[in-house]
Structures are given as C-alpha cells and as structure tokens.
Amino acid sequence: MLLAEMTWPAVKARAPDTPVIIPVAALEQHGHHMPLFTDSLLLGEVVRRAHEPLAERAIFAPLQWLGNSDHHLDYAGTLSAPPRLYLDLLNGLLENLIHHGFRRLLIVNGHGGNTIPGQQAVFETRQRHRGRSDLLLLFATYWSLGGKPAEVNPNLQQQSMGHACEWETSMMLRIRPDLVGPLDRLEAVSRDFSFEPAYHGWVTQDRSVPGHMGDPRHATAEKGETLFQVFAADLVKMVERMLAWDGRSWRE
C-alpha cells in the first residue's frame, strides 16, 4: 500500500500492526558523472521493487528526498537539512505515525549522511515512549541489510558502498543511463577512512576533489540489476521480520 494513495479511513483501518516504511534519501552532489538526485532515484527503485511482494501487508510512505548532506555543501546544487533540524524531522515523522496508531515503523535509508541522525531519532523516540513495550522502531540503510552482491555477481569489484562509485553508478546505468555522464575520463578515488577505528570528522573535499569515492569506471547496467535484486530482497526480508514480531518482545 502506498500511503500517498490511501484515504484516511483506509489508513486508520490498517493500524496498528501494519508495518510502515519511511524511505529517506538525499539531493546532493554525485561527482562529475551523476545527477544530484541519485540517492533518491536509487532508493526509490529499491522501494518500488520491495513494494511489489509486500503491497497488501505494509504501508510505504512517500520518499523524503531532503537529507542531511552538510558535508557536501561546497558542491553546487546540494540541498541539506542541517543535522539537528533533520533529527527533528525524523522524530516528527515517527511521532506522527505513532499518533495515528501504528506500532511497527522502519526508516529505510539511502544516504550515508542520514545514518547517525536516523539512529538517534529511533533512540530518542523510544525514550519518549519508554513505558510502552509494543513499539518496534527500526532504522536501516538498504545496502547494509546483509546481502552480499559480490557473492551473487563475481564481476563486482567493490565490496561495500562508496559514493558515486561502481555500485551507485551501476544502479543508475540500470534505471537511468541517460543521466550518467562519460566514465572514461574519471579516476579512482579511495573510499578509505583514516585514523580508524576512531571516527574521523570529515567534509567531502577532505576525501575527494571530484566528489566521487570509488572507481565508477567498473560500472555496468548488468551489475546494477544484481545490486537492485539483492537490496530489494533484503528489504522484503526485513519487513517480513517486522510482520512476524510478536508485538511485545525485545527479541524476534
């Protein structure tokens, strides 16, 4: 079910145990070869595919395209909700749905900058409702749900998500090749952090001059199809776990 296409009586009739999926992404720079709306387009496709087998069992909210992208603001066109504002936005969305009677909520994320505020939002919301045991509040990023794309398609060279990298460029080639620029003039940019295991505060230009991180020259539409299949299947599995939850226990 798509929340945007439902009437309010239909929504009310589905509460409280229907899982509600809240997709969140971004509008931010993706190097010289991909559009600003990349994260939102990619998550939108993952959600579209996951919705098909779940259409009668879960409600999908419209994708929230404005994300926390302050680290990309020095690149023209990036739009960002500052971290504390974004945290309040996510808290507000969760509170809206709880107010409407829903108890099983999943924020599914398609942008790395949303991860920390998203986790903080479900943590804070749980504290506000600490007397309840019937709430399941989850945050998950679609490429971190457990799937191993490189084990499905050995042609994939990258093992984890970068930025405007082999993975993201492949997925864009699969759904919107018309929006992908020439790859042959690009160069590989390291995806590595530094000072690990400490978390090193960063802005994008600390790590990349052109804006991408990884090597998009390895991208193909065929790899993109593998990635979509793996990530959509992972999301379906997560929602099925929400459906199977007994409604009160910490563990599944």
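**Exercise 1. Find which backbone oxygens the side chain of lysine 223 reaches.**

Step 1. Start with asparagine 155: the side chain of lysine 223 reaches its backbone oxygen at 3.2 Å. Next comes histidine 218, whose backbone oxygen is reached at 2.6 Å. Both are polar contacts (a pair of N or O atoms within 3.5 Å; within protein, one must be able to donate a hydrogen and the other to accept it, and residues adjacent in sequence count only if both atoms are side-chain atoms).

A word on the model: it is predicted, so local features need pLDDT of at least 70 and side-chain atom pairs count only at pLDDT 80 or more, while totals for chains, interfaces and linings use all residues. Residues are numbered from 1 along each chain as its sequence is written, and side-chain values use heavy atoms, with hydrogens and water left out.

Step 2. Now place lysine 223: this residue lies in helix H8 (residues 221-244). Helices (H or I, at least four residues) and strands (E, at least two) are DSSP runs, numbered from the N terminus.

Step 3. Is lysine 223 buried or exposed? Lysine 223 is buried, with a relative accessible area of 6%. Buried means under 20% relative accessible area, exposed over 50%, and partly exposed in between (1.4 Å probe, protein chains only).

Step 4. List the surroundings. Leaving aside neighbours within four places in sequence, lysine 223 is in contact (heavy atoms within 4.5 Å) with Asn153, Asn155, Leu156, Glu166, Ser170 and His218.

**Exercise 2. Check the length of helix H3 and sort its residues into buried and exposed.**

Step 1. The expected span of a helix is 1.5 Å times one less than its number of residues. For the 17 residues of H3 (residues 83-99) this gives 24 Å, and the end C-alpha atoms are 24 Å apart, which agrees.

Step 2. Tyr86, Leu87, Leu90, Asn91, Leu94, Leu97 and Ile98 are the buried residues of H3. They cover an arc of only 135° around the axis, which puts them on the same side of H3. The arc is that of the directions from the helix axis to the C-beta atoms. An α-helix has 3.6 residues a turn, so residues three or four places apart point the same way.

Step 3. On the face turned away from that buried side, H3 carries the exposed residues Arg84, Leu85, Asp88 and His99.

Step 4. What covers the buried residues? The cover of H3 includes strand E1 (20-24), strand E3 (104-109), helix H4 (115-128) and strand E4 (136-141).

**Exercise 3. Work out the order of the strands in the open sheet.**

Step 1. The order is E2-E1-E3-E4, and the pairing is parallel. Two strands pair if DSSP finds at least two bridges between them.

Step 2. Strand E2 (59-60) and E4 are the edge strands, each pairing on one side only.

Step 3. Look at E1 and E3: five bridges join them. Valine 20 stands opposite leucine 105 in E3.
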